[in-house]
Amino acid sequence: MRLYSLPKKNLLTKGWQYQHVYRLGHRVRANGFTLIYAPNAVSRDRLGISVSGMKLAVKRNRIKRLVREFYRLHPLFPSAIAGAKEIQNGFDLVVSTNNHFTCMDMRHLEAAFLSFLPAECHGSR
(Lines give C-alpha, C1' and ligand atoms only; values in the text may rest on other atoms or scores of the structure.)
Protein backbone atom coordinates (compact mmCIF):
# COMPACT_ATOMS: atom_id res chain seq x y z
CA MET A 1 0.00 0.00 0.00
CA ARG A 2 2.99 2.35 0.34
CA LEU A 3 2.84 2.96 -3.42
CA TYR A 4 -0.42 4.89 -3.01
CA SER A 5 0.33 6.65 0.25
CA LEU A 6 0.71 10.37 0.88
CA PRO A 7 3.83 10.98 3.01
CA LYS A 8 3.35 13.03 6.16
CA LYS A 9 6.12 15.41 5.02
CA ASN A 10 3.71 16.58 2.29
CA LEU A 11 1.07 17.63 4.82
CA LEU A 12 0.74 20.62 7.12
CA THR A 13 0.64 19.17 10.62
CA LYS A 14 1.21 22.07 13.03
CA GLY A 15 -1.09 24.92 13.93
CA TRP A 16 1.59 27.53 13.27
CA GLN A 17 1.95 26.21 9.68
CA TYR A 18 -1.78 26.80 9.09
CA GLN A 19 -1.55 30.26 10.71
CA HIS A 20 1.33 31.18 8.39
CA VAL A 21 -0.76 30.29 5.33
CA TYR A 22 -3.87 32.07 6.68
CA ARG A 23 -1.87 35.21 7.48
CA LEU A 24 0.29 35.48 4.33
CA GLY A 25 -1.67 33.46 1.79
CA HIS A 26 -3.61 34.39 -1.31
CA ARG A 27 -7.23 33.25 -1.44
CA VAL A 28 -9.27 31.79 -4.27
CA ARG A 29 -12.94 31.26 -3.43
CA ALA A 30 -15.60 29.07 -4.98
CA ASN A 31 -18.91 27.52 -3.91
CA GLY A 32 -18.35 26.09 -0.47
CA PHE A 33 -14.56 26.16 -0.34
CA THR A 34 -11.53 28.42 -0.34
CA LEU A 35 -8.04 27.61 -1.57
CA ILE A 36 -5.39 29.51 0.37
CA TYR A 37 -1.79 29.26 -0.82
CA ALA A 38 1.49 30.77 0.31
CA PRO A 39 5.15 30.13 -0.49
CA ASN A 40 7.07 28.08 2.05
CA ALA A 41 10.74 27.62 2.92
CA VAL A 42 10.92 23.94 2.03
CA SER A 43 11.44 22.62 -1.49
CA ARG A 44 8.12 20.80 -1.80
CA ASP A 45 4.43 21.56 -1.85
CA ARG A 46 2.39 20.73 1.25
CA LEU A 47 -1.33 20.33 1.86
CA GLY A 48 -3.54 21.32 4.77
CA ILE A 49 -7.27 20.65 5.09
CA SER A 50 -9.74 22.58 7.21
CA VAL A 51 -13.34 21.32 7.22
CA SER A 52 -15.81 23.43 9.16
CA GLY A 53 -19.56 23.55 9.44
CA MET A 54 -20.05 19.82 8.89
CA LYS A 55 -21.97 18.26 11.76
CA LEU A 56 -21.40 14.64 10.79
CA ALA A 57 -17.92 13.19 11.18
CA VAL A 58 -18.61 10.82 8.29
CA LYS A 59 -18.99 13.76 5.90
CA ARG A 60 -15.99 15.63 7.31
CA ASN A 61 -13.76 12.58 6.97
CA ARG A 62 -15.04 11.84 3.44
CA ILE A 63 -14.14 15.37 2.33
CA LYS A 64 -10.68 15.07 3.86
CA ARG A 65 -10.09 11.71 2.14
CA LEU A 66 -11.20 13.12 -1.23
CA VAL A 67 -8.99 16.20 -0.92
CA ARG A 68 -5.96 14.10 0.09
CA GLU A 69 -6.57 11.75 -2.83
CA PHE A 70 -6.86 14.68 -5.24
CA TYR A 71 -3.56 16.05 -3.92
CA ARG A 72 -1.92 12.63 -4.24
CA LEU A 73 -3.01 12.43 -7.89
CA HIS A 74 -2.06 16.08 -8.61
CA PRO A 75 1.06 16.72 -6.51
CA LEU A 76 1.96 19.94 -8.36
CA PHE A 77 -1.48 21.51 -7.89
CA PRO A 78 -0.33 24.05 -5.23
CA SER A 79 2.46 25.34 -7.50
CA ALA A 80 0.11 25.38 -10.48
CA ILE A 81 -2.61 27.33 -8.64
CA ALA A 82 0.04 29.81 -7.46
CA GLY A 83 1.22 30.25 -11.05
CA ALA A 84 4.79 29.18 -10.31
CA LYS A 85 6.81 28.75 -13.49
CA GLU A 86 9.83 27.19 -11.78
CA ILE A 87 9.75 25.20 -8.59
CA GLN A 88 12.51 26.58 -6.39
CA ASN A 89 10.58 26.73 -3.15
CA GLY A 90 7.35 24.93 -2.53
CA PHE A 91 3.91 26.22 -1.71
CA ASP A 92 1.61 25.44 1.17
CA LEU A 93 -2.04 24.98 0.21
CA VAL A 94 -4.90 24.96 2.68
CA VAL A 95 -8.27 23.75 1.43
CA SER A 96 -10.88 25.27 3.69
CA THR A 97 -14.48 24.12 3.30
CA ASN A 98 -17.72 25.26 4.88
CA ASN A 99 -21.21 23.79 5.19
CA HIS A 100 -22.08 24.77 1.58
CA PHE A 101 -19.45 22.39 0.18
CA THR A 102 -21.24 19.72 -1.85
CA CYS A 103 -18.50 17.83 -3.76
CA MET A 104 -18.90 14.38 -2.28
CA ASP A 105 -17.27 12.44 -5.11
CA MET A 106 -13.88 12.69 -6.80
CA ARG A 107 -15.25 13.68 -10.21
CA HIS A 108 -16.96 16.83 -8.89
CA LEU A 109 -14.07 17.74 -6.60
CA GLU A 110 -11.56 17.37 -9.42
CA ALA A 111 -13.68 19.50 -11.76
CA ALA A 112 -14.07 22.21 -9.11
CA PHE A 113 -10.35 22.38 -8.28
CA LEU A 114 -9.06 22.08 -11.85
CA SER A 115 -11.37 24.87 -13.00
CA PHE A 116 -8.92 27.32 -11.38
CA LEU A 117 -6.06 26.21 -13.63
CA PRO A 118 -5.32 27.27 -17.21
CA ALA A 119 -6.51 24.76 -19.84
CA GLU A 120 -2.98 23.49 -20.59
CA CYS A 121 -2.55 22.35 -16.97
CA HIS A 122 -5.68 20.16 -16.79
CA GLY A 123 -4.15 17.08 -18.32
CA SER A 124 -1.03 16.95 -16.14
CA ARG A 125 -0.87 14.57 -13.21
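Mentor: Let us take strand 4 and begin with its pairing to strand 3 (residues 46-51): the two strands run parallel and are joined by six bridges. Please bear in mind that this is a predicted model. Within this pairing, Ile 49 has Val 95 of strand 4 as its bridge partner.

Strand 4 also pairs with strand 2 (residues 33-39), but here the sense is antiparallel, and seven bridges join the two.

We may now turn to how far strand 4 is covered. Strand 4 comprises residues 91-97, and seven of its seven residues are buried. The burial applies to both faces: one side carries Phe 91, Leu 93, Val 95 and Thr 97, while the other carries Asp 92, Val 94 and Ser 96, and all of these are buried.

Helix 2 (residues 57-73) packs with helix 4 (residues 106-114) at an angle of about 60 degrees, and their axes lie 10 Å apart. Because of that angle, helix 2 is oblique to helix 4. The crossing of these two helices is right-handed. Helix 2 contributes Leu 66, Val 67, Glu 69 and Phe 70 to the contact, and helix 4 contributes Met 106, Leu 109, Glu 110, Phe 113 and Leu 114. By class, seven residues in this contact are nonpolar, two are charged and none is polar.

Methods:
Residues numbered from 1 in each chain as written. Predicted model: local features only at pLDDT ≥ 70, side-chain atom pairs only at ≥ 80, totals over all residues. Heavy atoms only, no water. Axes fitted to C-alpha atoms, helices over the stretch in contact; angles between N-to-C directions. Helix = DSSP H or I, 4+ residues; strand = E, 2+ residues; numbered from the N terminus. Parallel < 35°, antiparallel > 145°, perpendicular 65-115°, else oblique. Left-handed = near helix turned anticlockwise from the far one by under 90°. Contact = heavy atoms within 4.5 Å. Nonpolar A, V, L, I, M, F, W, Y, C, P; charged D, E, K, R; others polar. Buried < 20%, exposed > 50% of the residue type's maximum accessible area, 1.4 Å probe, protein only. Pairing = 2+ DSSP bridges.
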